[in-house]
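Hello,

Here is the structure I promised to pass on. Please have it open while you read my notes below.

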Amino acid sequence: MMSAMQETRSGKREGCVSKEAWHMAMAILASKRSKDPVTQVGCVIVDPKGIVVSMGYNGFPIGCSDEELPWDKHADNPLETKFPYVCHAEMNAILNTNDQDVSGCILYATLFPCNECAKMIIQAGIKEVVYLCNKSKDKPLVVASRTLFDMAGVTYRAFDMEEAGSRTIKINFRQVPPPFHRSPQQDRACKQTTDASAAKKSEREENEEEAQQRAGDHTSADTEGTTHAMKHLSLHA
Ligand SMILES: [Zn+2]
């Protein structure tokens, strides 16, 4: 066991972001991907070891255009509102696990889950929900969420603001300290490398496409599944 003396000599950096704040910060960051003009929600699923298994934010299903479907909350015709079409952050996170079992996991959400997401959380085996905001706590559907969680033994608690303190986490891609700092010259060099790599990749993809066409359409269900999963992740994680 490490002694107090050794601890003080280790030279470790003090005041780093706590695990709890780190996970909720990731949920907040995920919410920044949402196109919803009113409610942006993000969530993160963390396994019992504290490893992030999945992330999600509210959005329309894959292949359903953000440009064509409505984001309105109110309209005479319910089909002209977002509600029949949108997938909530929790649903996307549960579906984006890359087939990893989420039973026993903790879900961090920026907003208390609705009743539909509560059902999915319970069925997925998630054991705890940590939420940042519960602005609709008296609405019947959120009361229903609590009823379901209580019956199923899923615990829920508000994110510990005291523990997070008054910490503000700012991400400025240009002001990350060394060794990640890039000068404008390195920036340009990186862009050139990226462009060259993209050109090589598209050349390779063209060759692969030709090879596939020559071989006929032998795409297996497995390959399709993998491709679908990757596309899903890139859009919603
Ligand atoms: Zn929901």
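This is a predicted model: local features need pLDDT of at least 70, side-chain atom pairs count only at pLDDT 80 or more; totals for chains, interfaces and linings use all residues.

Met 151 sits in helix α5. Its C-alpha atom is separated from that of Ile 122 by 10.0 Å. Along the chain, Met 151 and Ile 122 are 29 residues apart.

Helix α5 covers residues 140–152. Gly 153 follows α5, and its phi is positive, near 80°.

What does α5 connect? The chain runs from β4 through α5 to β5. β4 and β5 pair in the parallel sense, over 4 bridges. Tyr 131 has Ala 158 in β5 as its bridge partner. The β-α-β crossover made here is right-handed.

Now the whole protein. It has 8 helices and 5 strands. From the N terminus, the order of elements is α-α-β-β-α-β-α-β-α-β-α-α-α. The protein has 237 residues, and 22% of them are buried. Take the contacts between residues at least 6 apart in sequence: 65% of these join residues at least 24 apart.

The sheet is open and has 5 strands. Their order is β2-β1-β3-β4-β5, and the pairing is mixed. Which strands stand at the edges? They are β2 (52–57) and β5 (155–158). Each has a single partner strand, so one side of each is left without a neighbour in the sheet. On average, neighbouring strands are turned by 15° against each other, direction ignored.

As background, strands of a sheet pair through backbone hydrogen bonds, either parallel or antiparallel.

Gly 42 stands opposite Tyr 57 in β2. β1 and β2 form a hairpin, with 5 residues between them. Gly 50 lies in the turn and has a positive phi of about 90°.

β1 (residues 42–46) also pairs with β3 (residues 106–111). This pairing is antiparallel too, over 4 bridges. Val 46 has Ile 106 in β3 as its bridge partner. Val 44 is partnered in β3 by Tyr 108.

Is β1 mostly covered or mostly open? It is mostly covered, with 5 of its 5 residues buried. In a regular strand, side chains alternate between the two faces of the sheet. Both faces of β1 are covered. Gly 42, Val 44 and Val 46 are buried on one side. Cys 43 and Ile 45 are buried on the other.

That brings us to the core. The largest nonpolar core has 33 residues. Among those with the most contacts inside it are Cys 43, Val 44 and Ile 45, along with Cys 105, Leu 107, Tyr 108 and Ala 109. Which elements give two or more residues to this core? They are α2 (19–31), β1, β2, α3 (89–95), β3, α4 (115–124) and β4 (128–133). β3 gives the most, with 5 residues.

Asn 98 and Asp 99 lie in the loop between α3 and β3. Phi of Asn 98 is near 60°, a positive value in a residue other than glycine. Phi of Asp 99 is near 65°, again positive and again not in a glycine. Asn 98 counts as partly exposed because it has 13 C-beta neighbours inside 10 Å. Asp 99 has 6 C-beta neighbours inside 10 Å, so it counts as exposed.

Best wishes

Definitions and conventions
Residues are numbered from 1 along each chain as its sequence is written. Two strands pair if DSSP finds at least two bridges between them. Axes are lines fitted to C-alpha atoms, for helices over the stretch in contact, and angles run from 0 to 180 degrees between N-to-C directions. A residue is buried if 20 or more other C-beta atoms lie within 10 Å of its own, exposed if 12 or fewer, and partly exposed in between; C-beta atoms are placed from the backbone. Two residues are in contact if their C-beta atoms, placed from the backbone, lie within 7 Å. A nonpolar core is a set of buried Ala, Val, Leu, Ile, Met, Phe, Trp, Tyr and Cys residues joined through C-beta atoms within 7 Å. The expected span of a helix is 1.5 Å times one less than its number of residues. A crossover is right-handed if, with the strands pointing away from the viewer, the path from the first strand over the helix to the second runs clockwise.
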